[in-house]
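Keep the viewer open beside you as you read.

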Amino acid sequence: MASANPRTADAPAFELKGTALTLMVLHPFATDAARIGRELEERSTRAPDFFRDAPLVLDLSGMQDGPEDLDLTALAASVRRAGMVPVGVRGASPRQRELAVAAGLGWIANPGRSRDGADAPCEPEVCRASHRPVAGNGRGPQAVVVTQPVRSGQRLVAPDGDLVVLSSVNPGAEVLAGRHIHVYGPLRGRALAGASGDTEARIFSAQFAPELVAIAGEYVVSDDLEPECLGRSTMVYLEDGALRIQPITGLVVAPP
Amino acid sequence: MATVVVVTSGKGGVGKTTTSAAFAVGLAMRGHRTVVIDFDVGLRNLDLIMGCERRVVFDLLNVIHGEGSLHQALIKDKRVENLHILPASQTRDKEALTLAGVGEVMASLRERFDYIVCDSPAGIEKGAIAAMYYADEALVVTNPEVSSVRDSDRIIGMLASKTRRAEQGEPEVKEHLVVTRYDPTRVHQGDMLSAADIQEILAIPFLGVVPESKSVLVASNSGIPVPLVKDSDAGEAYLDVVDRFLGQERPHRFLEGPKKGLLSRILGI
């Protein structure tokens, strides 16, 4: 517990510590703050939870033409409108420091380059925290295993490898995988395998009753499925660019 | 240490407020200090269902904004010992509800009550999230009807992700399924989903069914919570739900309809 009792008059009211934080950095290419704001808002609507309230640093070091022409106050306002929090500026001139301070932004003096001299591109964490990645051998994509039902309105993505669901995918839920999707329970929602274009990806389902299935962008909705293939253990794959739906025999799933 | 129980559903009109009132009354009747809170800002109903609408002075938003104390806002039920009601504001906007404010009210209530029942509004927006945020347990109220089941599934997903317990990595909110407006005859006819069907889809622990009952309308209009209405099947079902929630065994007596007498069967009525 804390050593100093904050109620004692002489005890310090706080402590200052240094730390290293991972932050998102925006590298503008243009001086048009409004345009940057529009594109930022558009990008943030695609993954709102990732961007909302995130602190953002503006890095002006890469700007070729007139970084001093960039209206930092307007850009900071654009960032806030897109739902993020502009916290500071780095990689710019002393003149821009004045502009940054006027815009209410902090000044990061030491740019602190990462090892290879560039910041890595930022992609939202798309998998839910409740998944348990299967320990692989270090080579190849990881599979993601999910043990709880995927509820209506939830969206589960395994961008690189297989996705295995050991429970149900409920109506109104969506599961996506870079490779195969295996649902060892009722598939009643949407399943999109080969989401990055892998035409070899397949969908396996113990109880097939989806709203929509797709492989590498080729899709079929529930209405267009043959009634005979519903309710059974089924495999979906692409053959010559067309979706094939095939029963799997011998797969018996015991009721819970 | 108090237990916060949210009564939620996603879908509107399935019986959340009826259930919140009945559940709170049941807990109080079993001897637990209970408060029931209306989170439906702007469309408050709990005060009507509890029959205390003529005694509302201060409400939850007044307390959150420091315009009245909790003591002034809490209404003591006149019929049942151990029971208090905290009404919602009717005039304010739900934007005035803040999670931090709700948290402070919860902290104060935890000191004085054993059970805090939160009557959630319908939907998945701010009001519903505020009602579920501090929950330890949840009653998911579902009608035996496909859209209600779909919406309940959605809300169960949110209980697992949008609550304080989920955000802090604490043990999850314990969910319980309560199926209301159940009609065994229509289930047999195939018009209505059975309790077993609903359990299979929602996959959460089953607390019981409450039968479709004429006494519910009468109770609402009179401001009497259902368990206090004499000879009400719904009232008895709610008391069974409370007892099961408190850990006791109770046979599920409302899954089948009343047995028809011989004469009724001969006459085909």
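This is a predicted model: local features need pLDDT of at least 70, side-chain atom pairs count only at pLDDT 80 or more; totals for chains, interfaces and linings use all residues.

Now find B:R150. Is it buried, exposed or partly exposed? Its relative accessibility is 38%, so B:R150 counts as partly exposed. The side chain of B:R150 meets that of A:E211 in a salt bridge, with 3.9 Å from N to O. To be called a salt bridge here, a side-chain nitrogen of Lys or Arg has to be within 4 Å of a carboxyl oxygen of Asp or Glu, so the pair at 3.9 Å passes that test. This pair crosses between chains: B:R150 belongs to helix 7 (residues 146-159) of chain B, and A:E211 sits in the loop between strand 12 (203-208) and strand 13 (212-215) of chain A.

On the chain B side, ten residues are in contact with eleven residues of chain A. Together the two chains bury about 820 Å², and 39% of that is on carbon and sulfur atoms.

As for charges, three salt bridges are found across the interface of chain B and chain A. The elements giving two or more residues to the chain B side are helix 7 and helix 10 (195-202). Helix 7 gives the most, with five residues. If you count polar contacts across the interface, you get five residue pairs, both residues at pLDDT 80 or more.

Stay with A:E211 for a moment and cross over into chain A. A:V221 touches both A:E211 and A:L212, leaving aside residues up to four places away in sequence. A:V221 is part of strand 14 of chain A, and with 29% relative accessibility it counts as partly exposed. Another residue to look for here is A:P210: its C-alpha atom is 7.9 Å from that of A:V221, although the two are eleven residues apart along the chain.

Strand 14 takes us to a sheet. Follow the open sheet of five strands in chain A and you'll read the order 7-9-11-13-14, with mixed pairing. Strand 7 (155-158) and strand 14 (218-221) are the edge strands, each pairing on one side only. On average, neighbouring strands in this sheet are turned by 10° against each other, direction ignored. In general, strands of a sheet pair through backbone hydrogen bonds, either parallel or antiparallel. Which sense do strand 13 and strand 14 of chain A use? They're antiparallel, over four bridges. To see one of the bridge pairs, look for A:A214, whose partner in strand 14 is A:Y219.

Zoom out to chain A as a whole and the tally is four helices and 16 strands. Chain A has 256 residues, and 37% of them count as buried. Of the contacts in chain A between residues at least 6 apart in sequence, 35% join residues at least 24 apart.

Last stop: the salt bridges inside chain B. A search of the whole structure finds 24 salt bridges over all chains. One of them links B:D47 to B:R44, with 3.2 Å between the closest N and O atoms, and both of these residues are buried. Another joins B:D240 to B:R253, where the closest N and O atoms are 2.9 Å apart. B:D240 lies in helix 12 (residues 233-245) and B:R253 in the loop between helix 12 and helix 13 (262-267), so this pair ties together parts that are 13 residues apart in sequence. Widen the view and you'll see B:E236, B:D240, B:R244 and B:R253 linked in a network of salt bridges.

Terms used:
Residues are numbered from 1 along each chain as its sequence is written. Chains are lettered from A and ligands numbered from 1 in the order in which they are written. Side-chain values use heavy atoms; hydrogens and water are left out. Buried means under 20% relative accessible area, exposed over 50%, partly exposed in between (1.4 Å probe, protein chains only). Two strands pair if DSSP finds at least two bridges between them. Axes are lines fitted to C-alpha atoms, for helices over the stretch in contact, and angles run from 0 to 180 degrees between N-to-C directions. Contact means heavy atoms within 4.5 Å. Buried area is the accessible area (1.4 Å probe) that two parts lose on being put together, summed over both. A polar contact is a pair of N or O atoms within 3.5 Å; within protein, one must be able to donate a hydrogen and the other to accept it, and residues adjacent in sequence count only if both atoms are side-chain atoms.
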